[in-house]
Amino acid sequence: PCCHGWLYTRHTFSFAHYHDAHHMGWRSLRVINEDVVAQFKGFGTHGHQDMEILSYVVSGALTHQDSMGHTEVLLPGDVQAISAGRGIMHSENNGSPAEPVHFLQIWILPDELGIEPRYEQRTFPEEARRGRLCLVASRDGDDGSLLIHQEARVYVALLARGEMISHGLADGRGAWVQVVRGALSVNGVAMAAGDGAAIEEEEMVTLDPSEETELLLFDLA
């Protein structure tokens, strides 16, 4: 974890001033940053290229502006997907005078470089995420999910205590589980908020929450 006064952030993989040669990403998953941004603060205009970028808002309101002409406000349950492709500029800010904004920014390596930049945003209401893995991003935009240029499927879930669910893995695929809040066991291993775990060479991922839990699951080639 790192605190810059206006920003509290946790980096799952190497990012900015945090560098660990053993944690540069996993499969096509390159970045998971959990950020809490103070009122009237944020990330000024900056650029990205050749990256699939997902933002998932946990609480508060995140204001996004970009060089493609989008000005949007993301609220809890909103997911944003940007294919940076040949290059975009954007900013992310908390315009609220009352509360911080808590969100996760995720980078996934694309399977094609130099594509036309693309923006998409969708709301996945609580009832769609409650008690199940809700698909929010995929290669083909399955089940109303956002489209990303990678053979990856990204799920979110809100689970009550004891609400155990499972997810099957096809041959050769792996899963990354990221706990946003709460606590659970993943294939029998205890995890808490901020923890992440890689699962490989398993047929099934079993999620067993010991309290109210919010999580992301990445099913990756």
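This is a predicted model: local features need pLDDT of at least 70, side-chain atom pairs count only at pLDDT 80 or more; totals for chains, interfaces and linings use all residues.
Residues are numbered from 1 along each chain as its sequence is written, and side-chain values use heavy atoms, with hydrogens and water left out.

The C-alpha trace spans about 45 × 40 × 35 Å along its principal axes. Of the 221 residues, 48% count as buried, where buried means under 20% relative accessible area, exposed over 50%, and partly exposed in between (1.4 Å probe, protein chains only). Among contacts (heavy atoms within 4.5 Å) between residues at least 6 apart in sequence, 71% join residues at least 24 apart.

An open sheet of six strands runs in the order S13-S12-S14-S21-S16-S19, with mixed pairing. Strands S13 (146–147) and S19 (196–199) stand at the edges with a single partner strand each, so one side of each is left without a neighbour in the sheet. Two strands are taken to pair if DSSP finds at least two bridges between them. Strand S12 (residues 134–138) pairs with S14 (residues 152–159) in the antiparallel sense over four bridges; in this pairing, the bridge partner of Leu135 is Tyr155. With S13, by contrast, S12 pairs in the parallel sense over two bridges, and Ala137 has Leu146 as its bridge partner there. Five of the five residues of S12 are buried, so this strand is largely enclosed by the rest of the structure.

The largest nonpolar core has 26 residues, and those with the most contacts inside it are Leu29, Ile106, Val154, Leu216 and Phe218. A nonpolar core is a set of buried Ala, Val, Leu, Ile, Met, Phe, Trp, Tyr and Cys residues joined through side-chain atoms within 4.5 Å. Strands that each supply at least two residues of this core include S12, S14, S16 (174–181) and S21 (213–220). A second, separate core of 18 residues includes Leu133, Tyr155, Val177 and Val179.

His90 is found in strand S9 (residues 88–93) and, at 1% relative accessibility, counts as buried. His90 and His46 are 44 residues apart in sequence and 5.6 Å apart in space, C-alpha to C-alpha. A polar contact of 3.1 Å joins the side chains of His90 and His48; such a contact is a pair of N or O atoms within 3.5 Å, and within protein one must be able to donate a hydrogen and the other to accept it, with residues adjacent in sequence counting only if both atoms are side-chain atoms. Ser96 lies in the loop between S9 and S10 and is buried, with a relative accessible area of 16%. The side chain of Ser96 reaches the backbone nitrogen of Ala98 at 3.0 Å and that of Glu99 at 3.2 Å.
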